[in-house]
Amino acid sequence: MTSLFARVFRQAAVTFEQKNAERLLTNLQSLRALMEQLTLADLNLDPAVVTPETFEPATKAPCTFIDIYDSDAFTMSVFVLRENYTMPLHDHPRMNGLLKVVAGSVRIQSFSEIDRREEQDADGTERRHVLVNVEQEKTLDAGQGPEGCCGMLTPTERNFHEITAIGGPAAFFDILSPPYNADIPVYGKRACSFYRKLLLPGDAASADGRRRMVLEKIPTPNHYYCDTEHYEVPDFIRANIDTVLNQRAHFSVMAPPSSYNPMAARVARVDDGGNQASCGSLS
């Protein structure tokens with residue numbers, strides 16, 4: 001565990017504190033600059049979690065979820081993806097997010113919302129279609145230099161994405177704010193939703209030349225489910241928890257055993273087969 005991760009944590013706490021809302025953009029850039037330097041070793045994670053051998057057992061989930069920190073203001077976590085596995089297309093409603101690849105490489109395809117239409121069938125089933133701009137595909141690699149190796153999403157830009165591990169297993173660290181389960185004005189508690197892509201007829205493009213597409217909300221794909229990995233919470237996070245609890249705030253930190261259900265603490269979706277699914281960050 002290094003002092004760099006402690007600096008990332010403290011900067012995140014400053015960035016997403018409500019009283020600092022007017023300086024959000026400036027603070028986000030400061031946080032991004034720190035995250036661009038972050039490595040797997042800084043997080044004190046065993047490199048073995050990102051090896052091909054780890055994903056060889058037939059019972060191994062295609063994605064491993066490591067919950068690091070969870071508060072009313074922001075969450076920190078790591079996702080490890082099997083080689084060539086794609087975390088399905090999902091949203092980050094009204095969120096800011098940062099993603100840093102700390103092992104391997106990922107390809108990220110992002111989309112930015114233009115408009116949406118929501119309807120409800122007689123049986124109560126929600127139907128949602130979202131018109132989006134298709135953003136340029138990006139590849140992020142843990143071996144890249146600091147410039148450009150940290151992805152970012154905002155409440156209006158790149159807030160839908162799918163992430164694929166390429167060239168081997170890959171791991172990324174993300175910070176999201178506000179969390180899915182945060183009750184924010186107007187929007188309330190937002191769930192993570194999954195989508196499929198629908199092509200528009202003809203040459204659909206925005207005024208700036210970006211291609212357009214429609215995303216249709218779907219149930220959680222059957223192939224997407226996660227197992228979990230134990231994480232030893234560092235002292236500087238534990239100290240923060242103790243301080244906040246003394247102020248009667250509500251924070252929770254995970255140090256889960258391998259059978260831990262991440263949905264007990266994070267808003268996630270469960271498919272009909274009972275698989276655990278948790279949504280990650282962006283591009």
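This is a predicted model: local features need pLDDT of at least 70, side-chain atom pairs count only at pLDDT 80 or more; totals for chains, interfaces and linings use all residues.

Biologist: How many aromatic pairs does the structure hold?

Modeller: The structure holds eleven aromatic pairs. In one of them, the ring centres of Phe65 and Phe79 lie 5.2 Å apart.

Biologist: Where in the chain do Phe65 and Phe79 sit?

Modeller: Phe65 belongs to strand E1 (residues 63–70) and Phe79 to strand E2 (residues 75–81). The two residues are 14 residues apart, and their pair links distant parts of the chain.

Biologist: Are Phe65 and Phe79 buried or exposed?

Modeller: Both Phe65 and Phe79 are buried. Phe79 also forms an aromatic pair with Phe172, with 5.5 Å from centre to centre and 20° between the planes. That pair is stacked.

Biologist: And which strand holds Phe172?

Modeller: Phe172 is in strand E8 (residues 160–177), 93 residues apart from Phe79 in strand E2.

Biologist: Why does Phe172 count as buried?

Modeller: Phe172 counts as buried because its relative accessibility is 0%, and buried means under 20%. Phe79 likewise has 0% relative accessibility, and therefore counts as buried.

Biologist: Changing topic, which residues form the aromatic cluster?

Modeller: One aromatic cluster is formed by Phe5, Phe9, Phe16, Tyr69, Phe74, Phe173 and Phe236.

Biologist: What sits over the ring of Phe55?

Modeller: The charged end of Lys60 sits over the Phe55 ring, 4.6 Å from the ring centre.

Notes:
Residues are numbered from 1 along each chain as its sequence is written. Side-chain values use heavy atoms; hydrogens and water are left out. Rings of Phe, Tyr and Trp (its six-membered ring) pair if their centres lie within 6.5 Å; planes under 30 degrees apart count as stacked, over 60 as edge-to-face and the rest as tilted. Helices (H or I, at least four residues) and strands (E, at least two) are DSSP runs, numbered from the N terminus. Buried means under 20% relative accessible area, exposed over 50%, partly exposed in between (1.4 Å probe, protein chains only). A charge sits over a ring if NZ of Lys or CZ of Arg is within 6 Å of the ring centre and within 35 degrees of the ring normal.
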